[in-house]
Structures are given as structure tokens and as C-alpha cells.
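Take a walk through this structure, one region at a time. Keep the sequence beside the 3D view as you read.

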Amino acid sequence: MSFRTRLGLLVAASVAVGVLAVSGVALWIARAEARSALDRKLDDRVAVLVASGGRLPERRGVQFFGRFVPRDVLVQIVAPNGAVVYASDEVLPVAPADLAVANGRARRHRTDVSADGVRLRVLTVPVAPVGALMVASPLDEVDANVAGLRNALAVVAAIGVAGAGLLGFLVAGRAIRPVRRLTDAARNVAQTQDLDQPIELERDDELGELARSFNAMLEALAQSRAQQHRLVTDAGHELRTPLTSIRTNIELLVRAEADETSAILDADERRRMLDDVQFELDQLTELTAELVDLATDRRAQGEPEPVDLAELAASVVDRHRRRTETDFVTALEPCEVVVNTALVERAIGNLVDNAVKWSPHGEPIEVSVAPTDREARVRVRDRGPGIPAALRETVFERFYRAPEARSQPGSGLGLSIVDYVARSHDGSAAVIDTDGPGATVELRLPLAGRG
């Protein structure tokens with residue numbers, strides 16, 4: 001069953017419940033009002049009979065609308081012993097409650113009785129000194145009015161429910177039209193893989209919000225695909241160079257090994273070629289590790305957790321002190337951030353690696369951590385040649401390497417990973433002005449509770 005049909009049936013069922021409830025209340029009120037009117041009529045007749053001073057109407061043998069349906073009311077007097085001493089027409093049934101009134105144990109009594117198939121409303125009141133006066137009127141008119149109202153309400157309810165169901169079906173069809181457009185767009189994207197098909201739906205309600213969310217999802221997917229394509233293209237280009245060099249060197253070594261009588265390569269040349277192969281393999285290993293870091297989903301690295309950025313930077317500096325002979329100068333202030341610890345630690349490590357690579361031997365590297373108004377700031381400064389102002393944005397691009405860095409080891413992905421980690425935590429990375437020689441690279445992350 002379609003959503004449109006279910007919505008139409010739901011509307012019809014809701015209307016049916018409401019109509020039944022209203023009809024029930026209306027019937028109850030109509031029946032109560034009709035019975036109240038009949039009770040007032042009996043009260044009036046009792047008042048007239050009491051005021052007549054005991055002059056009761058003569059017995060009538062005229063046939064009216066039914067055997068027990070005279071023009072107005074039936075009158076009967078019951079003695080305290082239960083004997084009927086007077087009846088204007090047929091005798092009415094005498095119940096114990098009527099005897100209680102005749103014997104003075106009750107003031108008045110109302111009830112519904114059935115006499116010879118006719119339903120009557122009976123009012124019994126005490127009449128001194130003879131016993132009790134019973135006045136009755138048929139309920140046929142009340143029942144007929146209630147039945148007519150019930151039938152009319154049934155017809156109105158049937159028409160209302162059918163109309164509401166049809167209207168709900170039509171309204172549902174119009175309401176789910178944007179949903180169908182979204183469904184068609186999603187199906188088309190799945191079939192064609194074309195992400196450049198936004199949904200044009202200018203609405204301010206929930207469906208409009210759904211369309212905007214769908215468009216945002218398509219935009220994110222398109223951006224992710226473009227980044228993936230760029231990463232694969234750049235990685236293929238960067239991998240081709242060391243692989244070509246390794247293959248060339250190995251082919252020369254194999255040829256030299258196969259031709260033992262030829263002096264194609266001397267020992268020094270073999271050594272240089274093996275060193276080149278080792279260097280290129282190291283480059284490939286580093287490049288592969290960097291590519292894995294870029295391609296790994298951040299969520300797969302674990303959930304963000306509170307961490308002291310100063311302690312994280314201190315552990316990175318300690319590792320580099322053990323692995324290198326570089327001198328480090330640190331100024332670390334406690335700063336609590338909520339981050340993916342492994343990613344941020346790698347980003348700080350890349351900043352320090354970059355500084356170590358460019359810093360002259362014997363020159364210190366400065367590492368500082370300090371809070372600002374809303375962010376924590378990590379700065380790493382070296383004493384190298386620095387970064388020209390024109391290249392301060394370019395150095396964060398993937399695989400970018402300055403001309404003077406071509407002979408240096410590295411993949412060209414270190415700072416791009418720093419930028420990726422910063423942006424994935426709603427932070428930023430930038431090269432800032434430095435007093436004196438060298439370069440200062442800054443990583444900013446939101447402070448815990450202030451991001």
C-alpha cells in the first residue's frame with residue numbers, strides 16, 4: 001500500500017472517529033432533551049390533575065393512534081394495597097416503586113414501562129388520601145425523533161468520511177510530490193552517478209529543509225569524489241617518478257649481473273645505483289603512509305576526546321629529541337581541546353618534521369602552545385630559508401614541493417595533512433610572519449567548550 005493511500009485512509013479514519021464521537025454526543029443530548037420535554041409534559045399534567053380537586057377525566061373508549069396511545073396522557077390511580085381504583089384507559093403495570101409511592105414511602109417515581117408492546121414514560125406521585133396517581137405518555141415520538149436524527153447523522157457521517165478520504169488522498173498526492181522528486185533524483189543519481197543534479201524546491205517547511213539537506217549531501221558527495229579523483233591522479237603522478245627510477249636502476253643492475261664479462265658498471269656505480277634504489281624506496285614508503293593518512297576516514301580513527309594540547313606537543317617533541325640531535329625550545333601552556341588524538345598528534349609531528357628538515361644544523365626549533373580567546377594555538381618555528389609570502393597558501397596543497405626542496409626527502413603531503421586535520425576539527429593552519437630568519441607554521445584548534 002502506497003504512502004498516499006495510507007495517508008488518505010488515515011485521514012478518513014480520523015474523520016470517522018471524530019464524526020462518531022460527535023454523533024454519539026449529539027444523539028445523547030437529543031435523546032436527553034426529548035425525554036426532559038416529555039417529563040415536563042407529565043409534570044404539567046400532574047399539576048393540572050392535582051389542581052382539578054380530584055375530578056378525574058372520564059374513561060374514554062375512543063380509538064386513537066394505538067391501543068395505549070391516547071391524544072394526551074394515560075391516567076391511573078393505585079390504592080395503597082396495589083388495587084387500581086381508576087384508569088382512563090387500559091391498566092398500566094404497577095411496580096413495587098409505584099406501591100412505595102402509594103404507601104407514602106416515596107415522594108415520586110419516574111420509569112419506562114412496556115404495555116402491550118408500547119413503550120411508555122410513567123410518572124407516579126402520591127395523592128392523598130387514595131394512594132398514588134400514575135400519569136403516562138408514549139415514548140414512540142421520542143424514539144422516532146432519535147431514530148430519525150441517528151439516520152441523518154449516519155448519512156452525513158458516511159458522506160463526510162468518504163469526502164475526507166478522497167480529500168486526504170488528493171492532498172497527500174500533492175504533499176508527497178516533492179518527496180517523489182527527491183526519490184526520482186536519488187534514483188537517477190544511483191543509476192547515472194551524476195551528482196550535479198540539485199533539487200529545485202523553494203519551500204520553507206520540512207520538505208524544503210529535506211530538499212536542502214539532499215542538495216547539501218549531493219554537494220558533499222561531489223566534492224568528495226573530486227577530491228578522491230584529484231588524490232588518485234596526484235598520487236599516480238607522484239608514484240610514477242620513483243617507480244620509474246627504481247625500475248631503471250634495477251634493470252641496469254640485472255643487465256650488469258647477467259653480462260659478467262662486460263664492465264658496464266663498476267663498484268662505485270653499483271653502490272650509487274643501490275643507494276638511489278634505497279632512497280626511492282624510502283620515498284615510496286613515506287608517500288604510501290601519507291596517502292593512507294589522507295585516504296583514511298577520520299571517523300575510523302576514533303571518536304574525539306578531551307586532551308591537553310601541551311602534553312600532546314610535549315610527547316611529539318620528546319620523540320624527535322630521541323631520534324635527532326636537534327635542539328628544541330618549548331613554551332607549552334595547558335590547553336584543553338576535544339580532538340581526535342591520533343590525527344592531531346600526527347599533524348604536530350608533521351610540523352616538527354618539516355621544521356627539522358629545513359632548520360640548519362645547530363639551530364634550535366621553537367615549539368609553543370598557548371590559548372587565545374576561543375582557540376588553542378600550536379606554533380613551530382625553524383631557522384631555515386623561510387617561505388615566501390606568495391607561497392604561503394600553496395605549501396598546504398597536496399604534493400606541492402618548492403624547487404629547492406626537490407633534492408630533500410619528503411612526499412609533499414606533510415603540510416597538506418596538517419591543513420586537513422585542522423579543517424576536520426573546525427580549525428585552521430597557516431604560515432605566519434616571523435621576526436628574523438626561518439618560517440613559523442601555526443595550527444589552531446577550538447578550545448574545549450568554546451568551539
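Ile29 is partly exposed, with a relative accessible area of 41%. Here, buried means under 20% relative accessible area, exposed means over 50%, and partly exposed lies in between (1.4 Å probe, protein chains only). This is a predicted model, in which local features need pLDDT of at least 70, side-chain atom pairs count only at pLDDT 80 or more, and totals for chains, interfaces and linings use all residues. Residues are numbered from 1 along each chain as its sequence is written, and side-chain values use heavy atoms, with hydrogens and water left out.

Ile29 lies in helix H1 (residues 3-51). Helices (H or I, at least four residues) and strands (E, at least two) are DSSP runs, numbered from the N terminus. Together with Val25 and Trp28, Ile29 makes a nonpolar surface patch of about 340 Å². Such patches take residues with over 30% relative accessible area and no salt bridge; nonpolar side chains (Val, Leu, Ile, Met, Phe, Trp, Tyr) are joined within 5 Å, like charges within 9 Å. A salt bridge puts a side-chain nitrogen of Lys or Arg within 4 Å of a carboxyl oxygen of Asp or Glu. The areas come from the Shrake-Rupley method with a 1.4 Å probe; for residues, only the protein chains shown count as cover.

Next, the sheet. Five strands form an open, mixed sheet in the order E7-E9-E10-E12-E11. Strands pair if DSSP finds at least two bridges between them. At the edges, E7 (328-332) and E11 (428-432) each pair on one side only. E11 and E12 (residues 440-446) run antiparallel over five bridges. Val431 stands opposite Val441 in E12.

Two helices lie across E7, E9, E10 and E12. One is H7 (residues 309-323), running at about 170° to E7. The other is H8 (residues 341-358), at about 170° to E12. These angles run from 0 to 180 degrees between N-to-C directions, with axes fitted to C-alpha atoms, for helices over the stretch in contact. Contact means heavy atoms within 4.5 Å.

Now look at strand E8 (residues 336-339). Four bridges join E8 to the antiparallel strand E6 (residues 305-308). Asp308 stands opposite Glu336.

Finish at helix H9 (residues 414-424). Nine of its 11 residues are buried, so H9 is largely enclosed by the rest of the structure. Among them are Leu415, Ile417, Asp419 and Tyr420. Just after H9, Asp426 takes a positive phi of about 60°.
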